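Good morning, colleagues. I would ask you to look at the sequence and the structure on the screen, and I shall then take you through a few of its features.

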Amino acid sequence: MMIFFKKSTQVGLVFIGVMILVLSLIGVCEATPKEKAKSAEEKAKMEAIERKRKIINSAEEQLNNTVWQIECTQTGSSKKKESYEDTIRFIDGKVESEKLVAQGFSPSNFTVRIKSETKVTWATMQRSEDAGTAFWGGELKRDEDGTLRDVMRGVLRWHLNEKKKKDYAFVSVG
């Protein structure tokens, strides 16, 4: 008798589980309002993430294989502010500066981020055994259709060594 009770209890529990699954699939057992709200919130988050991913992909595609003439001006409290022109190239997912390549820096990968609905930023770090470390960051505005505008602004922080650093602001020209 005990064996029959155990087996029938197991069969009964399996039957109840299957019925709950079937009822939920046909909509008899609906999610609670709280579960529905959570599901809608998760869907909205996923859509926002996908929208951001599309903006980033579009910005990366538009930046890739472009060349920018920039003017760099040293910032800070120094009375003598160095200024120079440079060329930045975004080629095959990497960025390089003519001036820094001449100093021994290699092209490096760059990261694109969304600053706002109308702005995207890019950033990279480059190293040279002889000339230190350079941190680049640039910003581009986007039109309503997602097209990047032809003006780029940003900063270059060049750490020549532990004690000597130069900071520059740059803007595209021409």
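Does threonine 124 count as buried or exposed? Before I answer, please note that this is a predicted model. Threonine 124 has a relative accessibility of 9% and therefore counts as buried, the cut-off for that term being under 20%.

Threonine 124 belongs to strand 6, which covers residues 119-128. Its side chain makes a polar contact of 2.5 Å with the side chain of serine 108. Leaving aside residues up to four places away in sequence, threonine 124 touches Val95, Ser108, Asn109, Phe110, Ala134, Phe135 and Trp136.

Nine strands make up an open sheet with antiparallel pairing, in the order 4-3-2-1-9-8-7-6-5. Strand 4 (108-109) and strand 5 (111-116) are at the edges; each has a single partner strand, so one side of each lacks a neighbour in the sheet. Elsewhere in the order, strand 1 (residues 66-74) pairs with strand 2 through eight bridges, in the antiparallel sense. Glutamate 71 is placed opposite glutamate 85 of strand 2.

My next topic is the aromatic residues. How many aromatic pairs does the structure hold? There are seven. One of them joins tyrosine 84 and tyrosine 168 in an edge-to-face arrangement, with 5.4 Å from centre to centre and 80° between the planes. This pair links distant parts of the chain, since tyrosine 84 is in strand 2 (residues 83-91) and tyrosine 168 is in strand 9 (residues 165-172), 84 residues apart. Both tyrosine 84 and tyrosine 168 are buried.

The pair of tryptophan 122 and tryptophan 136 is stacked, because the ring centres are 6.5 Å apart and the planes stand at 25°. Here too distant parts of the chain are linked: tryptophan 122 is in strand 6 and tryptophan 136 in strand 7 (residues 132-142), 14 residues apart. Tryptophan 122, at 2% relative accessibility, counts as buried, and so does tryptophan 136, at 5%. These two tryptophans belong to one aromatic cluster, formed by Phe90, Phe110, Trp122, Trp136 and Phe170.

Finally, I return to tyrosine 84. Lysine 99 lies over the face of this ring, at 4.7 Å from the ring centre.

Thank you for your attention.

Methods:
Residues are numbered from 1 along each chain as its sequence is written. This is a predicted model: local features need pLDDT of at least 70, side-chain atom pairs count only at pLDDT 80 or more; totals for chains, interfaces and linings use all residues. Side-chain values use heavy atoms; hydrogens and water are left out. Helices (H or I, at least four residues) and strands (E, at least two) are DSSP runs, numbered from the N terminus. Buried means under 20% relative accessible area, exposed over 50%, partly exposed in between (1.4 Å probe, protein chains only). A polar contact is a pair of N or O atoms within 3.5 Å; within protein, one must be able to donate a hydrogen and the other to accept it, and residues adjacent in sequence count only if both atoms are side-chain atoms. Contact means heavy atoms within 4.5 Å. Rings of Phe, Tyr and Trp (its six-membered ring) pair if their centres lie within 6.5 Å; planes under 30 degrees apart count as stacked, over 60 as edge-to-face and the rest as tilted. A charge sits over a ring if NZ of Lys or CZ of Arg is within 6 Å of the ring centre and within 35 degrees of the ring normal. Two strands pair if DSSP finds at least two bridges between them.
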